[in-house]
Amino acid sequence: MREVAIIGVGQTDVGEHWDKSIRDLAVEAILAARRDAGVDRADALYVGNMLSGELAGQENLATLVADAAGLLPIEAFKIEAACASGGAALRGACLGVASGAHDYALVVGVEKMTDYLTDGVTAALATAADADYEAGFGVSFVALNALLMRRYMHDFKVRHEDFAPFSVNSHANAALNPRAMFRQPITAEDFIRSPVIADPINVLDSSGICDGAAALLVCAASEARGSRRPPVRIAASTCATDTVGLAERRDPLVWQSVADSARLAYDRAKVGPKDIDLFELHDAFTIVSALSLEACGFADRGSALKLAAEGRIARDGDIPVCTLGGLKGRGHPVGASGIYQAVEVVQQLRGEAGAAQVKGAKVGMAQSVGGSGSVAVTHILRI
Amino acid sequence: MELPRHHRMRRTLYRLEGSACPSCAGRFFPPRQVCPACRKDGLRPFAFSGRGTLYSFTRVVQAPRGFGSLAPYAVGMVRLDEGPLITAPLTDVEGADLAIGTPVEMVTRKVKDATDHGYIVYGYKFRPLVRPGPA
């Protein structure tokens with residue numbers, strides 16, 4: 001397998017893009033990534049998206065985007081893995097380039113959610129759960145995470161307000177990211193007072209509904225030597241799965257797919273948690289941040305909240321997370337989030353993260369989680 | 001819910017039927033063809049007793065489309081007496097002080113309002129265990 005590098009990144013602002021369609025957003029990000037790389041070549045297009053069929057009534061999305069971006073007749077596919085779709089699309093492109101099938105591949109993650117009413121988006125997001133045995137009973141995606149959070153609070157004797165540092169951190173970092181949707185800092189008091197969605201989860205536990213697209217140009221590392229921008233190597237690209245139904249796990253508070261994909265990634269990149277300079281984790285809800293840090297070896301079981309309370313997840317901490325706002329602060333256009341994470345790790349490793357820069361960052365990890373921990377995609381990037 | 005889907009789920013919805021593995025004695029809900037523990041196929045139907053204890057619970061305020069008229073409503077995860085966990089709506093809990101560990105039992109209730117297909121979907125919900133009162 002050949003080594004793969006990222007040589008161009010692009011993104012749209014994350015927000016409510018009422019004047020832009022799903023294809024407009026995807027094209028904007030692709031053009032930005034190509035301009036950043038200064039390379040016109042692309043042998044394939046991989047599109048990460050979860051909800052274009054469910055919301056916009058648009059499948060065959062990758063061909064639509066390839067046409068709109070002036071890329072015909074290259075091969076193009078959409079890759080769907082619920083909220084991990086972006087990460088899975090990057091994984092697809094890595095496999096394509098590493099195998100030698102392509103020399104250059106474009107990856108774009110795109111989602112358009114704000115055209116639709118909240119109850120419709122809530123129902124669409126619940127398609128990540130088991131349609132027969134979870135969503136069919138009115139168990140929303142938020143409800144599944146709420147069930148986990150209450151049990152976590154019970155087992156580890158913590159309070160809801162103890163989760164506040166995750167959201168406070170994400171918003172503080174988003175304030176320094178001009179692309180982020182929620183750029184206002186919040187306090188622990190704001191967190192406690194925010195309205196309930198499915199108790200104990202409230203609005204400030206949760207990533208918001210939004211639109212956005214982010215893109216990468218990847219190529220064989222051997223082709224990247226003369227590139228305009230410093231190439232960032234993909235040291236690991238891994239994916240692992242667990243049951244879709246949350247109740248079917250031996251212990252729902254152990255996110256085995258997340259642990260498995262992280263372990264495979266550490267093995268592949270020959271690093272351990274201590275070598276990771278920043279971690280763009282999947283903070284769709286604060287409980288996900290806690291379970292991900294524990295599954296990936298940054299905290300023992302039940303102790304992730306302590307890590308957050310001690311400020312160790314801040315940009316100057318020993319494991320900075322969500323350094324440009326994460327899903328909570330930047331926004332979570334679901335199928336695009338995995339690509340936003342990779343773009344942000346590249347910005348950090350190139351030293352282009354502005355006021356949000358993590359000093360001396362050399363190794364960064366990005367992780368997308370789909371469903372309630374049912375599929376996890378992990379990438380480790382190095383400069 | 002589509003009529004054929006409702007029809008093929010009838011034993012699960014009304015009898016809480018899952019699967020038992022003849023090779024490793026594992027019991028699973030919902031039904032499966034292949035045992036996730038020993039990876040053998042040939043699982044057989046197994047009806048759970050419907051008794052268990054509350055593993056976790058939430059009240060859904062922001063409901064998905066199709067469930068708005070029921071909101072806010074309670075949902076739980078129940079540890080069935082036979083071992084597996086099940087995610088299901090809770091009922092008869094208005095004003096109840098729910099707690100993890102509460103004994104619960106399965107009942108059959110309306111799950112969703114009339115669908116586009118014109119019929120009402122019934123299925124399992126769990127309620128706090130009703131103990132027989134003094135004679």
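Student: Anything to know before we start?
Tutor: This is a predicted model, where local features need pLDDT of at least 70, side-chain atom pairs count only at pLDDT 80 or more, and totals for chains, interfaces and linings use all residues. Residues are numbered from 1 along each chain as its sequence is written, while chains are lettered from A and ligands numbered from 1 in the order in which they are written.

Student: How many helices and strands does chain A have?
Tutor: Chain A has 13 helices and eleven strands. Helices (H or I, at least four residues) and strands (E, at least two) are DSSP runs, numbered from the N terminus.

Student: What box do the C-alpha atoms fill?
Tutor: Roughly 55 × 45 × 40 Å, along the principal axes.

Student: And how much of chain A is buried?
Tutor: Buried residues make up 63% of the 383. Buried means that 20 or more other C-beta atoms, placed from the backbone, lie within 10 Å of the residue's own.

Student: Now the helices. Which residues form α13 in chain A?
Tutor: Residues 334-350 form α13(A), 17 residues in total. The helix reaches 25 Å from first C-alpha to last, close to the 24 Å expected. The expected span is 1.5 Å times one less than the number of residues.

Student: Is α13(A) mostly covered or uncovered?
Tutor: Mostly covered: 16 of its 17 residues are buried. Just after α13(A), Gly351(A) takes a positive phi of about 75°.

Student: What about α6(A)? What does its buried part pack against?
Tutor: Helix α6(A) covers residues 141-156. Its buried residues include Phe141(A), Leu144(A) and Tyr152(A). In chain A, the buried residues pack against α5, β5, β6 and α10. In chain B, they pack against β4 and β5.

Student: How many residues of chain A are in contact with chain B?
Tutor: 27 residues of chain A are in contact with 30 of chain B. Contact means C-beta atoms, placed from the backbone, within 7 Å.

Student: Which element gives the largest share on the chain A side?
Tutor: That is α6(A), with seven residues.

Note on methods. Buried ≥ 20, exposed ≤ 12 C-beta atoms within 10 Å, placed from the backbone. Contact = placed C-beta atoms within 7 Å.
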